[in-house]
Amino acid sequence: MTEYLLIALALLGVLILGGIGLVVPRLRRRPEPRLPRTEVDTRAEEELAGPPVQAPEADLSTGVLVEPPPVIEAPAPTVEVPEPTAGRLVRLRSRLARSQNVFGQGLLGLLSRDRLDEDVWEEIEDNLITADVGIDATREIVDRLRERTRVLGTRSAAELRALLAAELVNALDPGLDRSLRTAPKEGVPAVLLVVGINGAGKTTTCGKIARVLIADGRSVLLGAADTFRAAAADQLETWAGRVGAETVRGPEGADPASVAFDAVRRGIDTGVDTVLVDTAGRLQNKVGLMDELGKVKRVVEKHGPIDETLLVLDATTGQNGLEQARVFTEVVNVTGVVLTKLDGTAKGGIVIAVQRKLGIPVKLVGLGEGPDDLAPFDAAQFVDALLGTEAPGPTA
Ligand SMILES: Nc1nc2c(ncn2[C@@H]2O[C@H](COP(=O)(O)OP(=O)(O)OP(=O)(O)O)[C@@H](O)[C@H]2O)c(=O)[nH]1
């Protein structure tokens, strides 16, 4: 009896355990209750997901993972390497084509006439005056040429060319120091101030000078003290960015002197070799503006003396521009002239007039709008380019 009772209990246990085993998995697999989906839900999901993506065949057939597409990074801004400055004037000599017509073809043609009579000498004089050489310099050049051709009895084209070249070089005072003081002293950067009237090419020239300095191995910081024209600071920043130089600028209409001061301060802190300060184009007859330029100078000098003040002059404005330029020399101590746009004039003689009138050496010349179209000035190379023929022979 007891046996029957035990067997019945065992059977009951088996039945109970089997029942649990069937019920529990079902409970575990029961899906989450879902909220009813609306049409709007479906559309929003589709928009977020975008168009259906077709898996590549290899993915479906082999189950091999496909590599994600490569991440394309934005190209790093490229820093340009400016052209070396040595020999730039020689390379750019063809830019003086218009002046070459006057000096090379015109003057040399006159000098090689059969008879060098009074009329011819007068024509030579007129040519030089038209080329903006200036009256005094023209008289001197012609008098010396007359004398030397008479004494030497020179007649061959090569000899006459050499004589003319020697007189033009002489009028350009080849002994003047045309070097730019751009080297730092005892860890303090050299400071260059760039001044001149509106549109002479100051900002462009600042950018080109920065390239000249960088090409010659210097580090440069640019100060945008032309706060009147917001575009000038943008323009300068673009030039600086191309060669990886820093620009210090202020808000539009800020005090130019304070921007110039900050630029030099920053240059000292970062240890650059040279700080170049671009100033606003200002009309010299506006006394207030000239006073302001004087203030820029004084404030910058709180950091130490200014090493170089460059006056930018537009060669195409001729003698008139010279008169305007003179006022700058009274306000700031101009140490060098940058003569721009010589490529756009037949009056290359302006270089002679500028130096004589201002008594300041031309240190750089602009021969185009390209970034490397600024050349260190050299009297003999310039005259050679003006005459537009091969290098002159030895001069007497
Ligand atoms: N052909 C030629 N154009 C030049 C030369 N130098 C500058 N320019 C052009 O002259 C124009 C005026 O140059 P800017 O640098 O803006 O003149 P700016 O003196 O700074 O003018 P403001 O900021 O108004 O005072 C620009 O179109 C330059 O490209 C040069 O040597 N040759």
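Me: Which residue in β7 stands opposite Val337?
Reply: In this predicted model, Val337 has Val362 of β7 across from it.

Me: And how many bridges join β6 to β7?
Reply: Three, between residues 336-340 of β6 and residues 362-366 of β7, with the two strands running parallel.

Me: What's the strand order in the sheet?
Reply: It's an open sheet of eight strands, ordered β3-β2-β4-β1-β5-β6-β7-β8, with mixed pairing. The edges are β3 (246-249) and β8 (374-376), each of which pairs on one side only. From one strand to the next, the twist averages 25°.

Me: Which strands does helix α10 lie across?
Reply: Helix α10 (residues 230-242) lies across β2 (220-225), β3 and β4 (274-279), and it runs at about 165° to β3.

Me: What about α11, which strands does that one touch?
Reply: Helix α11 (residues 256-270) packs on the sheet and touches β1 (190-195), β2, β3 and β4. Its direction makes about 165° with that of β2.

Me: Switching topic: where does Val296 lie?
Reply: In helix α12, which covers residues 287-300.

Me: Is Val296 buried or exposed?
Reply: Buried, because it has 26 C-beta neighbours inside 10 Å, and 20 or more is enough to count as buried.

Me: Which residues is it in contact with, leaving aside neighbours within four places in sequence?
Reply: Val296 is in contact with Ala225, Pro256, Ala257, Ala260 and Thr279.

Me: How many residues apart are Val296 and Pro256 in sequence?
Reply: They're 40 residues apart in sequence, but 6.6 Å apart in space, C-alpha to C-alpha.

How values were computed: Residues numbered from 1 in each chain as written. Predicted model: local features only at pLDDT ≥ 70, side-chain atom pairs only at ≥ 80, totals over all residues. Helix = DSSP H or I, 4+ residues; strand = E, 2+ residues; numbered from the N terminus. Buried ≥ 20, exposed ≤ 12 C-beta atoms within 10 Å, placed from the backbone. Contact = placed C-beta atoms within 7 Å. Pairing = 2+ DSSP bridges. Axes fitted to C-alpha atoms, helices over the stretch in contact; angles between N-to-C directions.
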